[in-house]
Amino acid sequence: MNTIRWARSTIKTFYSRYPSRMVSYSTSPQQTPAKWLQRVLEDRSEPPKLYAWALANLPDHARHVNESLELRGAPKQDDGGRRIYVLGVGNIGRLYASFLAKKDPRPPITLVVHRRELLEHWKAQPGIELVRNGKPERNADFDIEWWTDAKPAEGPIKEPANGAGIRNLIVATKASDALPQVDRLRGYLRSDSTVAFTQNGMCKLWPPLGETYVDARFPGGMGPRWLACVTTHGVTSLGPFRSVHASPANVLVGTVMGGDGDTPGSEYLAEQIVGAPGLAARRVATRELWVAQLEKLVVNAVINPLTAVLRCKNGEIFERRDDGLLDVVDVLVEEASRTLTALVRHPSSDGILGNKGKLSGSATVEDLRETREELIERFSFGRLKTMLYGVGAKVAENTSSMLQDVRAGKKTEIEDFNGWLVETARYLGDDHGLPTHEKLISLVTERKTLTRSELARHLLGS
C-alpha cells in the first residue's frame, strides 16, 4: 500500500535529517501568545458579580420535593474554610464528589452546575449515582448551586461562598471550559484560595503561558494556589448525575504554581483529595506532575480523536491490520514527541526542571542540563510509543471520552488535546508544524466518520 510506504519513509527521513533537532526559541514579538491568552490580555473588564442559586430559588412547582432538601443548597456560615466546591458535575465531578463524601470526617461539599435545568433535575431527583462493580451507589447528601449573573426572582439572594471568597475549588468541567470558568470567578478567588484542575488535557497555567495569565489577572502575587490532578480512572456517563466507574485507577495531584505550602489551610484541598477513599490519589512533586500530564496528553491526543473518527473502542486502533492505521499512530506520536522535546529545551521550563527556576552555581546548572537530557529521552518517539501502547492495552475495552461526546452531540476536547500541541509547537517556533494533528482536528470538528484505511489515506496522503 503506497500510503503505508510513504508514512514509514516520512518517519525515517525525518529522523535521518534531524537526529537531534532543536526548535528555535525566539523571544521576539513574533512569539505571540495563544488565542485564549490574547483574549484575556485584551479584556480590561471588571470581574462579574454572580449569584448562587440554590433549590430555594426555584419556583415551588416541582413535584416530589422533600421538605428537608429545600433547606439544602445554602452553605453554612461556620464551615471554617472546610467547604469544597465542585464546579462541573459531569463524569469526573461525580467521581470526585462521591469519593470525597466517603471521607471521615466528611468535608462539606457543594456541587456547582452550569445550567438551571440541572438544578431543577436535582430538585426532582436528588443524588449522584455511581455504579461500581455492577452495583449502583447513590448519595444525595450534597449542597447544590447554580452560579449565574442572573439575579433570582425569589428566595435568598447571595453570591458564591456568600461573597467571602472561595477557599477550595475543584474544577471538573470540560477542558475547554476550565480556565474560562475560573476567569469568570476571579473576583471570588483570593490569595488563600486553592483551585484544583481535574480535567483531561494540559492545565493552561503550565509554561510557557501560565505565568502571563496569572500576572494579568492576579497582579502582585495575590492569586490562588493552583493544583492539577492527573486522573486515570475510566468513567462513563449514564445521564445527568449518573455514571459508571468503568475502570478504577488512580490520581496524581500536585502544585502547578502559587503558594509555598506554609500558610494556614494551604494544603487542605490536596489533603482531602489524597485522603478520599476510592480515588487512590497521591501527592507528587511539580515536575513529576508536569511530566505525567504531558504523557497523558499524548495518550489523549492519539486515542481520543482516532476512536472518535473511527467510532470504535480504544483497543481497536492498536490492532495490526494492513490498512496504515498504525502508521498514523506513529506519525502522531512523532509530532507530539518533537513538540514535547522542544518544550523541555525552552527556557520557560526552567522553573519546573530546576529548583523554582533559581539557578545558583554550576552544580545547579549541571543538574538542570541532566534533567533536560533525561526528559528528552523520556519524550523520545520510542519511549512515548511504548508508553502509549501500554496504556492502550489497559483501556482497550473502554470508550473514549471524545467518542462519548461525539455520540451525545456535545463539543469535544480536541482543541485542548491536539490543539494544545499545535499551539505550543507554533509558539515554540516549529517551522514544520504538526500537519497530521491539524488534519485530525478538522476531522473531529467536522464530525466525520471514516474507515481505518480511509483515515490513513486522508492523514498520510501526500
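Guide: Gladly! This is a predicted model, and it holds eight aromatic pairs.

Visitor: Why is the pair of Tyr85 and Trp147 called tilted?

Guide: The ring centres of Tyr85 and Trp147 are 5.4 Å apart, and a pair needs centres within 6.5 Å. Their planes stand at 55°; under 30 degrees would count as stacked and over 60 as edge-to-face, so the pair is tilted.

Visitor: What makes this pair a tie between parts of the chain?

Guide: Tyr85 lies in strand β2 and Trp147 in strand β6, so the pair ties together parts that are 62 residues apart in sequence. Both Tyr85 and Trp147 are buried.

Visitor: Why is the pair of Trp122 and Phe142 called edge-to-face?

Guide: The angle between their planes is 70°, and over 60 degrees counts as edge-to-face. Their centres are 6.5 Å apart. Trp122 sits in helix α5 and Phe142 in the loop between β5 and β6. Together with Phe241, these two residues form one aromatic cluster.

Visitor: How do you know whether Trp122 and Phe142 are buried or exposed?

Guide: Buried means under 20% relative accessible area. Trp122 has 2%, so Trp122 is buried; Phe142 has 1%, so Phe142 is buried.

Visitor: What makes Arg106 a charge over the face of Phe142?

Guide: Arg106 is at 5.3 Å from the ring centre, and the cut-off is within 6 Å, together with a position within 35 degrees of the ring normal. Arg106 therefore counts as lying over the face of Phe142.

Definitions and conventions. Residues are numbered from 1 along each chain as its sequence is written. This is a predicted model: local features need pLDDT of at least 70, side-chain atom pairs count only at pLDDT 80 or more; totals for chains, interfaces and linings use all residues. Side-chain values use heavy atoms; hydrogens and water are left out. Rings of Phe, Tyr and Trp (its six-membered ring) pair if their centres lie within 6.5 Å; planes under 30 degrees apart count as stacked, over 60 as edge-to-face and the rest as tilted. Helices (H or I, at least four residues) and strands (E, at least two) are DSSP runs, numbered from the N terminus. Buried means under 20% relative accessible area, exposed over 50%, partly exposed in between (1.4 Å probe, protein chains only).
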